[in-house]
Amino acid sequence: MGLLFGLLLMGTEKVFAIPADEKRDAVRAALPGANCGACGYPGCDGCADAIACGKAPVNACPVGGAPVGEKIAAIMGVEAGSSEKKVAFVKCKGTCDKTKVQYEYHGIEDCAKASVVPGGGAKACSYGCTGFGTCVKACKFDAIHVVDGVAVVDKEKCVACGACVAACPKHLIELIPEPAECRVECSSQDKGKDVMAVCTVGCIGCGICAKQCPKQAITVENNIAHIDYEKCISCGICAAKCPKGIITMNAKAHKI
């Protein structure tokens with residue numbers, strides 16, 4: 001009887017066995033394996049599961065970018081679609097020679113801990129980069145380093161995983177389109193007079209950039225300029241007109 005039931009169980013297992021999801025395995029193999037969570041799922045396994053069952057697009061992985069998206073699209077038998085590459089950007093230009101120091105800081109060199117002390121750190125600008133590299137520690141791709149007191153992103157290495165964005169206690173880092181040429185390197189919401197008292201390159205909220213922009217791509221809110229990258233054509237007028245030089249451009253930007 002025992003042998004009979006054993007054979008019956010074996011037969012039932014073969015009849016009702018769930019075949020391995022070959023597409024899911026192929027998708028997982030195509031993913032880069034960073035397990036950064038930038039796709040919004042718990043690691044590459046979670047992303048592969050979501051793509052295989054249609055809950056996530058084939059280009060869901062920001063680390064792999066378009067090449068990986070195309071591979072997965074071929075596996076799933078669909079069109080890859082378009083996915084604009086993004087890159088992390090630090091909204092601060094206040095290097096050591098441009099910002100005043102209000103006191104000597106001798107505490108733990110961690111941005112989160114330093115930001116809760118009076119004044120938000122040693123730098124007189126409470127909005128500026130603390131410079132202790134918490135974002136550097138969070139980045140798994142060696143794409144961000146502190147240079148002269150301010151975090152700087154290496155665009156070639158950045159995969160837009162968002163780890164640095166989450167790590168920055170002052171919310172100085174954001175993900176912007178990689179092709180974007182014009183960038184406002186400041187986050188201060190203080191009035192112009194107060195900004196100039198602590199930093200030589202801070203945005204004073206004068207609004208000249210907004211008035212000069214031919215596409216109305218710049219607005220000034222809470223004393224700080226903001227660029228709408230859907231409208232910006234990288235003409236460079238805002239950068240040329242900014243009296244404080246905090247709107248910068250890459251060399252690739254075209255002129256009109």
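Select Phe132: the side chain is partly exposed, with a relative accessible area of 22%. Keep in mind that this is a predicted model.

Tyr105 and Phe132 form a tilted aromatic pair, with 5.2 Å from centre to centre and 35° between the planes. The count of aromatic pairs in this model comes to one. Colour the elements around the two rings. Tyr105 sits in the loop between strand S1 (86-90) and helix H5 (111-114). Phe132 lies in the loop between H5 and helix H6 (134-138). The pair therefore links distant parts of the chain, 27 residues apart.

Next, select helix H3, residues 43-52. Is this helix enclosed or open to the outside? Seven of its ten residues are buried, so H3 is largely enclosed by the rest of the structure. Show the buried ones: Gly43, Cys44, Gly46, Cys47, Ala48, Ala50 and Ile51. Then bring up helix H2 (22-30) and helix H4 (65-76), which are included in what covers these buried residues. Step past the end of the helix to Gly54, which follows H3 and has a positive phi, near 80°.

Last stop: Pro177, in strand S4 (residues 173-177). Pro177 has 15% relative accessibility, so it counts as buried, the cut-off being under 20%. Which residues does Pro177 touch, leaving out those up to four places away in sequence? Select Glu84, Lys85, Lys86, Arg183 and Tyr229. Finish on Tyr229: 52 residues separate Pro177 and Tyr229 along the chain, yet their C-alpha atoms are 7.7 Å apart.

Methods. Residues numbered from 1 in each chain as written. Predicted model: local features only at pLDDT ≥ 70, side-chain atom pairs only at ≥ 80, totals over all residues. Heavy atoms only, no water. Phe/Tyr/Trp six-rings, centres within 6.5 Å; stacked < 30°, edge-to-face > 60°. Helix = DSSP H or I, 4+ residues; strand = E, 2+ residues; numbered from the N terminus. Buried < 20%, exposed > 50% of the residue type's maximum accessible area, 1.4 Å probe, protein only. Contact = heavy atoms within 4.5 Å.
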